[in-house]
Amino acid sequence: MIEEVFYPEPPESIVIRYNTDALAHIASAYSSADDPAHCQVLLGLLQEHSKFIIDTCQNVLMRNKFYIKEVT
């Protein structure tokens with residue numbers, strides 16, 4: 001008998017994973033784009049997804065009492 005144990009994934013990690021996947025696809029499209037107008041649109045999408053991922057990670061850290069700030 002095989003016992004399967006499932007560990008539920010927190011919703012935040014699902015959101016981060018999906019947006020990271022989207023980021024990878026957008027970066028791939030950006031690297032193969034030839035039209036400067038398409039590059040601008042894709043660059044905007046890259047920036048939006050990156051900001052969303054960073055903000056979501058920061059919210060998760062703060063909610064879990066990990067008071068870690070980005071060092072720039």
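Visitor: Which way is the crossing of H1 and H2 handed, left or right?

Guide: This is a predicted model, and in it the crossing of H1 and H2 is left-handed.

Visitor: What makes H1 and H2 roughly antiparallel?

Guide: Look at the angle. The axes of H1 and H2 cross at roughly 160°, and angles over 145 degrees count as roughly antiparallel. So H1 and H2 get that label. The two axes also come within 9 Å of each other.

Visitor: Okay, let's zoom in. Why is asparagine 19 called buried?

Guide: Its relative accessible area is 14%, and buried means under 20%. So asparagine 19 counts as buried. You'll find asparagine 19 in helix H1, which covers residues 11–32.

Visitor: Which residues does asparagine 19 touch, leaving out those up to four places away in sequence?

Guide: Asparagine 19 touches His49, Phe52 and Ile53. Isoleucine 16, also placed in helix H1, touches Ile53, Thr56 and Cys57, again without counting residues up to four places away in sequence.

Visitor: How far apart are the C-alpha atoms of isoleucine 16 and histidine 49?

Guide: They're separated by 9.6 Å, while along the chain the two are 33 residues apart.

Visitor: How do you know that lysine 51 forms a salt bridge with aspartate 55?

Guide: Check the distance. The closest N and O atoms of lysine 51 and aspartate 55 are 2.8 Å apart, and the cut-off is within 4 Å. So the pair qualifies as a salt bridge. Searching the whole structure turns up one salt bridge.

Visitor: What separates lysine 51 and aspartate 55 within helix H2?

Guide: About one helical turn, because they sit four residues apart in H2, which spans residues 36–63.

Visitor: Why is lysine 51 called exposed, and what is aspartate 55 called?

Guide: Lysine 51 has a relative accessible area of 51%, and exposed means over 50%, so lysine 51 is exposed. Aspartate 55 has 30%, which falls between the 20% and 50% cut-offs, so aspartate 55 is partly exposed.

Visitor: What about the cysteines: is cysteine 39 buried or exposed?

Guide: Cysteine 39 comes out at 16%, and under 20% means buried, so cysteine 39 is buried. Cysteine 57 has 29%, which lies in between the cut-offs, so cysteine 57 is partly exposed.

Definitions and conventions: Residues are numbered from 1 along each chain as its sequence is written. This is a predicted model: local features need pLDDT of at least 70, side-chain atom pairs count only at pLDDT 80 or more; totals for chains, interfaces and linings use all residues. Side-chain values use heavy atoms; hydrogens and water are left out. Buried means under 20% relative accessible area, exposed over 50%, partly exposed in between (1.4 Å probe, protein chains only). Helices (H or I, at least four residues) and strands (E, at least two) are DSSP runs, numbered from the N terminus. Contact means heavy atoms within 4.5 Å. A salt bridge is a side-chain nitrogen of Lys or Arg within 4 Å of a carboxyl oxygen of Asp or Glu. Axes are lines fitted to C-alpha atoms, for helices over the stretch in contact, and angles run from 0 to 180 degrees between N-to-C directions. Angles under 35 degrees count as roughly parallel, over 145 as roughly antiparallel, 65 to 115 as roughly perpendicular and the rest as oblique. A crossing is left-handed if the near helix is turned anticlockwise from the far one by less than a right angle, and right-handed if clockwise.
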